[in-house]
Each structure stands twice: as structure tokens, then as C-alpha cells.
Amino acid sequence: MTLLGYLTETFAYAQAYAGRILAACIIVSALEFLLPRSRHSWVSRVRGALFWATYIAITALGITLFVRFWSGLGYKPLVHVDLSMLSKSENPFTAAVGGILTSLIFVQIGEFFYYWFHRLQHSNSFFWRFHAEHHAIEEMNAFNSNHHFTEELFRLPFVTIPILILFSFEQTYVPWLWATVLGWQGIYQHSCTKLNFGWLRYIIPDNRFHRIHHSFEPHHFNRNFGSGSAVWDIVFRTIWHPRAGEWPSTGVSGLPEATTVRDFLLRPFLRSK
């Protein structure tokens, strides 16, 4: 592929990615204003949107190059998981339940790898250097919830590639509303709205569950690593069940959140530790 081809493909990916993120941020931000749990400044939201734009541009290029590289290998996964029969029903309700169940099974497989990578980010000083930028956020909301751009690249060898080597997945129908919830959940779980999933947070983590993971309080450290699922936190006993009214402050001691694009991009490389 020519350079122009790569740039065109990268732009198309970035455009689609940005569209999904923007839609999620706008809707979840509306919930933050209608049902606020804690209030944050417009400055944090505008700054977060700028960081998102930077993150998406860099990530889109990295993912485009990786997809081209991986597809060029022609590798076939070891196991093909076909659960399409669960959602193949003439009854709309049965098909919807089957589609939701199928997606939940696939999420658990991906989350197993993500869970252990996430724990590595907290236990290894090199990976924490970059992940700490995300935890340093004090005014955490739908827009202001960015990871450092390197994290998407680090996920490739620890999450994406192992899954691509081991599995290919097949499913058919997934209810659009459920697909939207799953797609927006990463934005929502960093939000500051009173709206929560109740007991369902142990299937799909909500903002109360994930807030514990970002807590400034030492007794919450190394808890609730799951992003799309709480199952592996339960299995490996790292879960903290948030109590009613438990809404801790967030941040990292000695590391204020980044306030400029330069800090957002370069600070992990420049810090002494």
C-alpha cells in the first residue's frame, strides 16, 4: 500500500472512531448535567476533548499499521468459537437474549487478557509510568478520561495478539441498544453521573464500580481492574463492592493531571520515575 493509501485508511478509521467517542461523550455528559454525582469544570471537558483528538489521531495510525501487518501474515486462529446458534431464532425475544448472552461470553474471553494486563500496569514500574497519566485525572468525567496514547500500543502484545492467535469469534444478531451500551461503557464508567447499573454492575462495571479503581484512598488500591466485566475481579478476589454513597476522590499523589497537550504526550517519557 502507498503512503497515501495508509493515510486515507487512517483518516477513515480516525473519523469513525471519533464519531463514536463524540456521540458517547455528548450523551453521557448530558447525564452528568441532568443527574450530577460530582461537578467538574468546563475547562476539564474542553481539555479532555483536545486530548481525545490527539489520542485518536495517534491510535488510528498505530491500529491501521497493525491491522495491515497482521492481515499480511495470513494467520488462522487455533480455535473458532461459533455461538451464532444462540441468536438464531424466529422469536425476537429469544434472538435478543441469545445475542446478549453471546456477546457476554465473548467479552469474558477478552476481559481475561485485559484483566491481567491491567494488573501488570499497576505492578510493573515501566507500565505504571504511562498508566499513571490516566489515574492522575482528578476531574474525571465523560470527556476528561483519556489514557496515554501508548496504552493502545501496549495492549497489542498482551491482549490483542494473544486473542488473535487463539480465537476467532462468530455471532449473528446483537440488539442495537445492547451493542450501544457495550460500545459506550468505557466512556460511561469514567463519568460523574448518579445514573448507575445497580446490581448489574457485577456483569458490566458502571461508574461507581470503576470509581473505586481510580480512588485516591489507599484501601481502594489494586481493586476493580475489570473494564468490560467484573467477573475476573470476583474470581481473583480483587473486587471491592462500592457501598451506598461511596464516591472517593481520584488522582495520584505527587502527580497532578496533565493540563497541556505537551504534558499529555511527553510527560511519561520525561519523568524521572
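Predicted model: local features only at pLDDT ≥ 70, side-chain atom pairs only at ≥ 80, totals over all residues.

Author: Start with I56. Leaving aside residues up to four places away in sequence, I56 touches A14, Y17, A18 and I21.

I56 belongs to the largest nonpolar core, which has 19 residues. I21, W52, Y55, I56 and I187 touch the most other members of that core. Four helices each supply at least two of its residues: α1 (3–34), α2 (42–73), α6 (176–188) and α9 (261–270). The largest share comes from α1, with six residues. In general, nonpolar side chains of soluble globular proteins tend to be buried together.

Take F127 next. F127 is buried, because its relative accessible area is 11% and the limit for buried is under 20%. Its ring pairs with that of F158. The two centres are 5.5 Å apart and the planes stand at 90°, so the pair is edge-to-face. F127 sits in helix α4 (residues 125–135) and F158 in helix α5 (residues 150–166), so the contact ties together parts that are 31 residues apart in sequence. F158 is partly exposed, with a relative accessible area of 35%.

The whole structure holds 25 aromatic pairs. Another of them joins Y115 and F225. Here the ring centres are 5.9 Å apart and the planes at 85°, so this pair too is edge-to-face. The pair links distant parts of the chain, 110 residues apart. Y115 is in helix α3 (residues 92–123), and F225 is in the loop between α7 (207–213) and α8 (231–235). Y115 is buried at a relative accessible area of 1%. F225 is buried as well, at 3%. Both rings belong to a cluster linked by ring pairs: F112, F113, Y115, W116, F225, W232 and F236.

N224 has a positive phi of about 55°, although it is not a glycine. Most residues other than glycine have a negative phi. N224 is buried, with a relative accessible area of 0%. R237 also has a positive phi, about 60°, and is not a glycine either. R237 lies in the loop between α8 and α9. R237 is exposed, with a relative accessible area of 74%.

R68 pairs with E9, and the closest N and O atoms are 2.8 Å apart. R68 is in helix α2 and E9 in helix α1, so the bridge ties together parts that are 59 residues apart in sequence. R68 is partly exposed at 36% relative accessibility. E9 is partly exposed too, at 26%.

R45 forms a salt bridge with E32, with the closest N and O atoms 3.0 Å apart. R45 is in helix α2 and E32 in helix α1, 13 residues apart. This time both partners are buried: R45 has a relative accessible area of 6%, and E32 comes to 3%.

The structure has seven salt bridges by count. One of them lies toward the end of α9. The side chains of R271 and E133 meet at 2.4 Å, N to O. R271 is in the segment after α9 and E133 in helix α4, 138 residues apart. Both R271 and E133 are buried. Salt bridges with shared partners join E133, R267 and R271 into one network.

R267 leads back into α9. In that helix, F264, L265, R267 and P268 are buried. The buried residues of α9 pack against α2 and α4.

Finish at the surface. F69, L73, Y75, L78, V79 and I165 form a nonpolar patch there. Together they have about 570 Å² of accessible area. L78 lies in the loop between α2 and β1 (79–82). L78 counts as exposed because its relative accessible area is 64%, and the limit for exposed is over 50%.

Technical notes:
Residues numbered from 1 in each chain as written. Heavy atoms only, no water. Core = buried A, V, L, I, M, F, W, Y, C linked by side-chain atoms within 4.5 Å. Buried < 20%, exposed > 50% of the residue type's maximum accessible area, 1.4 Å probe, protein only. Contact = heavy atoms within 4.5 Å. Patch = residues over 30% accessible without salt bridge, like charges linked within 9 Å, V, L, I, M, F, W, Y side chains within 5 Å. Areas by Shrake-Rupley, 256 points an atom, 1.4 Å probe, with all protein chains shown as cover. Salt bridge = Lys/Arg side-chain N within 4 Å of Asp/Glu carboxyl O. Phe/Tyr/Trp six-rings, centres within 6.5 Å; stacked < 30°, edge-to-face > 60°.
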